[in-house]
Amino acid sequence: MSSMRSRIPARGRDRMVKDGALGGGTDLRPEVDLELLRGFRFRCRPDCGLCCYAAPRVEPSEQARLIQIAPETVLVGSGTDRYLGARPRGGACQFLDAHRCRVHAARPHPCREFPLTVHLGRRLQASIVLSCPGIDLAGLLAPASALDPEPPSGLDEELSAVRERLGLETARRLSTTARRGRKVEKSLSAEGRWQDDVSVRRVLRDRVPLPTAGEFPVHDPPEASDGLDRLPLFFDRRSGPLGFARGLGGWEVVEIAATGGAEPRGVFVPPERLPRLEAGAARLLEGYLRYSLDRDAFLAAVHIDMLDGDEGSVTEWVADELRELGAMVLARAVVRSKLHGVDRTALSAADVEDGIRATDQDWLDRPTWGDRL
Ligand code: SF4
Ligand code: SF4
């Protein structure tokens, strides 16, 4: 065993793979589970820019190149924790200009990896941010038992960007998050509530819990005055990036300018009751909830919530959260269809797709006991 390898924490060692493909000697990197990328297709929409309504993290190694290309770069934060500063009145990243990135060649890693997101927990697991309108959601409909599902298409550059960042530091972080996970497990086990991820998925996967009347009405979004960066955003084919905010008598839909500031587009009443679904809509919703169940980040977020309660098993909590997530998707689907003047008796698959896109990033932003790559 080499001296380098002996410095890797024991837990991280389980996750290391040998890969000599980078040239020269042996490269030791943690392995990323890519199962949740299978079957998806991606093509960035040139008219979108949704993912640039963010303040991406900039690694120390990325700063010099960025400042060389754009000396006016504003970084906030301190030490190794630096971010691109947001525009004063909210809106998109300081470098988004007419849907284009002015520092494309030096954009920081979250931009190079999007729409991929990697959760560090007991393992590294890649997943897709389904709010991105460049992702074809047909990937959610692939049969669970497919023996040879298609690899992801159009995500090669993003995957390479993820792989470039894997190294001994990732293994160290993985060791830390796995330790945190063991603490959570111990705490819930002491109360007789713990079930591991495999058991939970085995119970819920084939009959994934769907929303019921009990989940309605759903929680309101924040108010616009709480900060535009807190609003759930989505890409609207006609208007571009829009957000939901709590408004008088319903949900306000606001148009957020790239340079900051928001214009109201109307107030719409979210559903009080469980909406009816066409058959294709129900299938898509079920596929999305199954996908969420398979995300380690989803389960790790539920574990955190459970620490604030004192009863109920992991399976029961996960089932409740899936029903709640499904209800949020449907409520946002209804409001999006009303925005376009449509008030259907039953939601279509396209409506549910809109609801998923308006919900997924928001749900992924929840805290977990793990971390993000
Ligand atoms: S959200 Fe997706 S489609 Fe839109 S700009 Fe970003 S990567 Fe492209
Ligand atoms: S650096 Fe470029 S790609 Fe990244 S958020 Fe800003 S404008 Fe978008």
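By contact I mean heavy atoms within 4.5 Å of each other, and with that in mind I would like to begin at one residue before turning to the whole chain. What we have is a predicted model, in which local features need pLDDT of at least 70 and side-chain atom pairs count only at pLDDT 80 or more, while totals for chains, interfaces and linings use all residues. Residues are numbered from 1 along each chain as its sequence is written, chains are lettered from A and ligands numbered from 1 in the order in which they are written, and side-chain values use heavy atoms, with hydrogens and water left out.

Glutamate 59 sits in the loop between β4 (57-58) and α3 (60-69), where helices (H or I, at least four residues) and strands (E, at least two) are DSSP runs numbered from the N terminus. Once neighbours within four places in sequence are set aside, glutamate 59 is in contact with His109 and Arg165.

Now the chain as a whole. The protein chain has 12 helices and 17 strands. Its radius of gyration, taken over C-alpha atoms, is 21 Å, close to the 21 Å that the globule rule (2.2 Å times the number of residues to the power 0.38) gives for 373 residues, so the chain is as compact as a globular protein of that length. Along its principal axes, the C-alpha trace spans about 65 × 55 × 40 Å. Of the contacts with a separation of 6 or more, 71% are accounted for by residues 24 or more positions apart. Buried residues (under 20% relative accessible area, 1.4 Å probe, protein chains only) make up 49% of the 373 residues.

Note on methods. Buried < 20%, exposed > 50% of the residue type's maximum accessible area, 1.4 Å probe, protein only.
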